[in-house]
Amino acid sequence: MQKARGIRLVGAACAAALSAPVALANPDLAIRSGCTKCHNAEMKIVGPAYKDVAAKYKGDTAALDRLAAKVKSGGVGTWGKVPMPPNSAVSDDNIKKIVTWILSL
């Protein structure tokens, strides 16, 4: 019986390890896209912490498209007076991947 539990745990650990590269792809994408110059997952830097963004928009089904548009075109006012510059060099697909990751936090 003990052995069977260990096998299940190993199987669960392997499944988690196999899914980790997919989960890490979007933080890496945020870094490569320059997002982390002003944002951090856990604490406010210039812009809000990603966990605070996720909390603010939790349950908002329109948040992905609205935030993706805001990341693309820039904006000011939602999180204070410091403007977020437009990110026109980042593809729409990559912006949606980053925003989807942020909202999952």
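D65 and K96 form a salt bridge, and their closest N and O atoms sit 2.8 Å apart. The two partners come from distant parts of the chain: D65 belongs to helix α3 (residues 63–73), K96 belongs to helix α4 (residues 92–103), and 31 residues separate them. Keep in mind as you look at this pair that the model is predicted.

How exposed are the two partners? D65 has a relative accessibility of 47%, so this residue counts as partly exposed. K96 is also partly exposed, because its relative accessibility is 35%.

Now find K72 and D92 in the structure. They form a salt bridge too, with 3.2 Å between the closest N and O atoms. K72 lies in helix α3 and D92 in helix α4, so this pair ties together parts that are 20 residues apart in sequence.

K72 has a relative accessible area of 26% and is therefore partly exposed. Buried would require a value under 20%.

## D60 and R66

Which residue does D60 pair with in a salt bridge? The partner is R66, and the closest N and O atoms of the two are 2.2 Å apart. D60 is partly exposed, with a relative accessible area of 29%. R66 counts as partly exposed as well, at 41% relative accessibility.

## The whole structure

How many salt bridges does a search of the whole structure find? The count is four. Among them are the pairs D65 with K96, K72 with D92, and D60 with R66.

Definitions and conventions
Residues are numbered from 1 along each chain as its sequence is written. This is a predicted model: local features need pLDDT of at least 70, side-chain atom pairs count only at pLDDT 80 or more; totals for chains, interfaces and linings use all residues. Side-chain values use heavy atoms; hydrogens and water are left out. A salt bridge is a side-chain nitrogen of Lys or Arg within 4 Å of a carboxyl oxygen of Asp or Glu. Buried means under 20% relative accessible area, exposed over 50%, partly exposed in between (1.4 Å probe, protein chains only). Helices (H or I, at least four residues) and strands (E, at least two) are DSSP runs, numbered from the N terminus.
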